[in-house]
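Let's take a walk through this model, starting with its aromatic rings and ending in its nonpolar cores. Keep the viewer open as you read.

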Amino acid sequence: MKIKGLVHFVYAIYLVSVLLGIQGPVHGRLLSLKKPDPENAAATARWLVSQNSWGVLNTISSELGGAPFGNVVSFSDGEPGKGRGIPYFYLTTLDPTARNALKDQRASLTVSEHPIGTCGKTDPENPTCAKITLTGKLKIADKDSKETEFAKNALFSKHPEMKDWPKNHNFEFFKLDIENIFLIDWFGGPKPLTVDQYLHTQTTEYAFILGFLI
């Protein structure tokens with residue numbers, strides 16, 4: 001059997017395990033088997049982004065004299081098991097967030113481990129309940145490109161109702177070009193993590209598959 005076919009076969013087993021209760025889908029995402037080791041900052045960061053489906057997106061408000069403006073938004077970094085680490089959004093200019101980004105691209109996205117359900121009764125501010133802030137530029141994804149198609153599949157797979165949102169509301173696919181990463185996943189302050197380390201780490205889902213192949 002070719003390796004590619006074997007990977008597809010093992011991933012099918014992975015999906016079946018979801019149905020059997022080994023791990024479960026929550027709001028369009030697949031929960032990985034376990035949270036990465038806190039010492040592995042890159043894996044933890046990617047896990048947080050891939051397992052979450054919403055966060056607080058902060059922009060510079062042009063309507064509030066340059067004050068920071070936070071807004072709860074849905075996002076996705078890829079279809080389940082195919083995340084790339086870059087958050088994509090489906091935003092309308094009827095909302096301040098998109099309008100702000102078109103005037104000043106500076107933005108940040110904050111997500112917490114708490115909505116994933118793996119913090120238990122631990123308070124969200126406790127350092128052992130991981131959280132991450134990605135800071136960069138919020139831009140419209142290149143139209144009529146493979147990236148836009150990726151963004152569309154990524155978002156609509158995790159947020160199915162998006163595809164039925166009004167076409168006349170001027171929704172656009174946005175992405176956050178990451179420039180800085182702030183990660184807390186244990187005591188001792190933020191973990192040092194570069195954007196390159198974050199984007200090129202091995203994801204939890206792929207590691208799960210390799211575990212069957214080795």
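At 10% relative accessibility, Tyr-90 counts as buried, where buried means under 20% relative accessible area, exposed means over 50% and partly exposed lies in between, using a 1.4 Å probe and protein chains only. A word on ground rules: this is a predicted model, in which local features need pLDDT of at least 70 and side-chain atom pairs count only at pLDDT 80 or more, while totals for chains, interfaces and linings use all residues. Residues are numbered from 1 along each chain as its sequence is written, and side-chain values use heavy atoms, with hydrogens and water left out.

Now for the rings. Searching the whole structure turns up 9 aromatic pairs. Rings of Phe, Tyr and Trp (its six-membered ring) pair if their centres lie within 6.5 Å; planes under 30 degrees apart are stacked, over 60 edge-to-face, and the rest tilted. Tyr-90 and Phe-171 are a stacked pair, because their ring centres are 4.8 Å apart and their planes are at 25 degrees. Tyr-90 lies in strand β5 (residues 88–92) and Phe-171 in strand β8 (residues 171–184), so the pair ties together parts that are 81 residues apart in sequence. Helices (H or I, at least four residues) and strands (E, at least two) are DSSP runs, numbered from the N terminus. Phe-171 is buried, at 18% relative accessibility.

Phe-156 and Phe-173 make a tilted pair, 6.0 Å centre to centre with 50 degrees between the planes. This one links Phe-156 in helix α4 (residues 146–158) to Phe-173 in strand β8, 17 residues apart. Phe-156 is buried at 16%, and Phe-173 is buried at 13%.

The charged end of Arg-84 sits over the ring of Phe-150, 3.7 Å from its centre, and Arg-46 lies over the face of Tyr-198 at 5.7 Å from the ring centre. The criterion is NZ of Lys or CZ of Arg within 6 Å of the ring centre and within 35 degrees of the ring normal.

How many disulfides does the search of the whole structure find? There is 1, taking a disulfide as a pair of cysteine sulfur atoms within 2.5 Å. Cys-119 and Cys-129 form it, with their sulfur atoms 2.0 Å apart. The torsion about their S-S bond is about 90 degrees, so the disulfide is right-handed. Both cysteines are in the loop between β6 (106–112) and β7 (131–140). Cys-119 is buried at 8%, as is Cys-129 at 0%.

On to the strands flanking that loop. β6 and β7 run antiparallel, joined by 7 bridges, and Val-111 stands opposite Ile-132 in β7. β6 is also joined to strand β3 (residues 54–60), again antiparallel, by 4 bridges; strands pair if DSSP finds at least two bridges between them. Of the 7 residues in β6, 5 are buried.

Finally, the cores. The largest nonpolar core has 29 residues, and Ile-132 is among those with the most contacts inside it. Such a core is a set of buried Ala, Val, Leu, Ile, Met, Phe, Trp, Tyr and Cys residues joined through side-chain atoms within 4.5 Å. Its largest share, 6 residues, comes from α2. Apart from it lies another core, of 11 residues, including Tyr-90 and Phe-150.
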